[in-house]
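Thanks for making the time this morning. I would like to take you through one interface, step by step, and then turn to an annotation.

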Amino acid sequence: METRSLIKALAEDAAPRGPGFGARWALALGLGIALALTVFAALLSPRADLGAAMGQWRFGFKMGMALLVALTALPLLRALSRPGGRAGRALWLVALALMAGALAEGLTLPPEARFPALMGQHNWACLALVTLIGLAPLAVFLGFLRRAAPTDLPRAGALAGLASGGIAATLYALHCTDDSPLFVAVWYNAAVLGLAALGALLAPRLARW
Amino acid sequence: MSDGLEESLSHSLRAAIAGDQRAYADFLERVAGRLRGTLWRKIGTEAEDIVQETLLAIHLKRDTWDAGQPVLPWVHAIARYKMIDAFRRKGRRVELDIGDFIETLPQPEAETVSDREIGRALGLLGPGQKAVVASISVEGRTISETASVLGMTETAVRVALHRGLAAISRHFARG
């Protein structure tokens with residue numbers, strides 16, 4: 001087929017159809033959060049002492065970090081889903097904030113209390129449940145990437161994983177009673193980074209266009 | 001690259017996205033000429049295949065262009081992605097810098113007609129979609145002419161055309 005013939009066909013197909021990029025992004029975002037919320041509600045409930053915990057800096061740090069990961073990764077995911085989109089350096093700020101929190105906790109706790117704080121009460125449950133809640137939005141975001149046009153697939157996939165992990169961690173933080181920043185830095189992050197690795201692995205296979 | 005070109009190309013694409021077929025054909029012709037110039041220097045005879053895959057991708061992904069942003073970097077990112085992907089399918093590696101696109105003279109399509117990869121992909125479509133896409137592209141009919149020749153409604157022709165083009169593109173992404 002000659003190129004001018006192809007252009008003829010493309011021009012005849014010029015009529016706009018279907019929802020545009022912005023609408024599809026809004027849909028993916030809404031659906032991803034709704035599905036994560038559904039999984040959370042089916043499996044878990046907010047901790048009984050949620051009201052009292054809200055006044056604690058450790059709980060605030062935990063919620064803040066989880067939200068920060070989600071709110072940083074989501075706009076980057078949107079940017080990277082377009083041809084030539086760039087990620088910028090915002091993610092380093094998240095990593096830096098996290099390390100600062102863990103360091104503060106490490107310095108204020110007496111040495112013998114550090115390891116128990118890091119291990120917490122429910123470390124494996126945290127790892128498994130954050131991952132599980134995050135899988136639903138990850139699937140939605142990978143589907144979104146497939147319809148969009150990311151040109152750096154591993155990176156876009158990793159951001160899909162980070163965003164899903166951030167959403168899942170925010171929800172799980174409402175349930176979890178392990179509040180130490182050391183615990184958050186290790187176990188929450190292991191789950192979030194696991195989802196990011198999964199996204200980076202899957203996107204080149206599932207989201208090619 | 002001159003700002004005048006950027007300006008007029010993004011103007012054309014905005015009109016095209018609103019449904020202006022003539023502006024769209026003009027946009028695609030000019031983009032094809034520019035890409036051909038760069039890609040010929042880079043990869044020689046395979047350039048036309050990449051030009052065609054890039055045009056198809058631009059078409060199917062045109063809503064990912066942010067109308068507030070320059071259009072050329074978006075076009076170049078798609079061309080770069082499609083070229084790297086095409087070479088990866090053949091087990092080869094190739095690099096293309098954004099700088100390669102700058103200062104390139106547009107080049108007309110070569111007269112030698114070979115069976116492009118996109119022509120082979122057309123052959124893989126089902127009979128209905130193949131008849132519609134071939135009628136409009138190769139034979140140059142409009143949607144309404146195609147509808148009367150093939151005895152279909154215009155809506156059915158539109159749907160078959162769009163699905164046929166999307167299927168050709170998917171064939172490349174899978175290949």
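What follows is a short account of how the two chains meet.

Please keep in mind throughout that this is a predicted model, and that everything I quote is computed from it or, in one case, taken from a record.

Let me begin with the extent of the interface, where 55 residues of chain B are in contact with 33 residues of chain A. Between them the two chains bury about 3,600 Å², and 59% of that area lies on carbon and sulfur atoms. On the chain B side, the residues that lose the most area to chain A are B:Lys61, B:Thr64 and B:Tyr81, which together account for 17% of what that side buries.

Turning to the polar side of the interface, there are 16 residue pairs in polar contact between chain B and chain A, counting pairs with both residues at pLDDT 80 or more. The side of chain B that touches chain A draws at least two residues from each of several helices, including helix 1 (3-17), helix 2 (21-43), helix 4 (71-89) and helix 8 (154-174), and by class that side has 26 nonpolar, 12 polar and 17 charged residues.

How many salt bridges are there between chain B and chain A? The count is 3, and one of these pairs A:Arg208 with B:Asp85, whose closest N and O atoms are 3.6 Å apart.

Finally, the annotation: an unreviewed UniProt entry places "domain: RNA polymerase sigma factor 70 region 4 type" over residues 116-167 of chain B. In the model, that stretch of chain B is 77% helix and 0% strand, with its end C-alpha atoms 16 Å apart.

Notes
Residues numbered from 1 in each chain as written. Chains lettered and ligands numbered in written order. Predicted model: local features only at pLDDT ≥ 70, side-chain atom pairs only at ≥ 80, totals over all residues. Heavy atoms only, no water. Contact = heavy atoms within 4.5 Å. Buried area = accessible area lost by both parts, 1.4 Å probe. Salt bridge = Lys/Arg side-chain N within 4 Å of Asp/Glu carboxyl O. Polar contact = N/O pair within 3.5 Å; in protein donor to acceptor, adjacent residues only side chain to side chain. Helix = DSSP H or I, 4+ residues; strand = E, 2+ residues; numbered from the N terminus. Nonpolar A, V, L, I, M, F, W, Y, C, P; charged D, E, K, R; others polar. UniProt positions renumbered as here; feature names shortened; annotations may be inferred.
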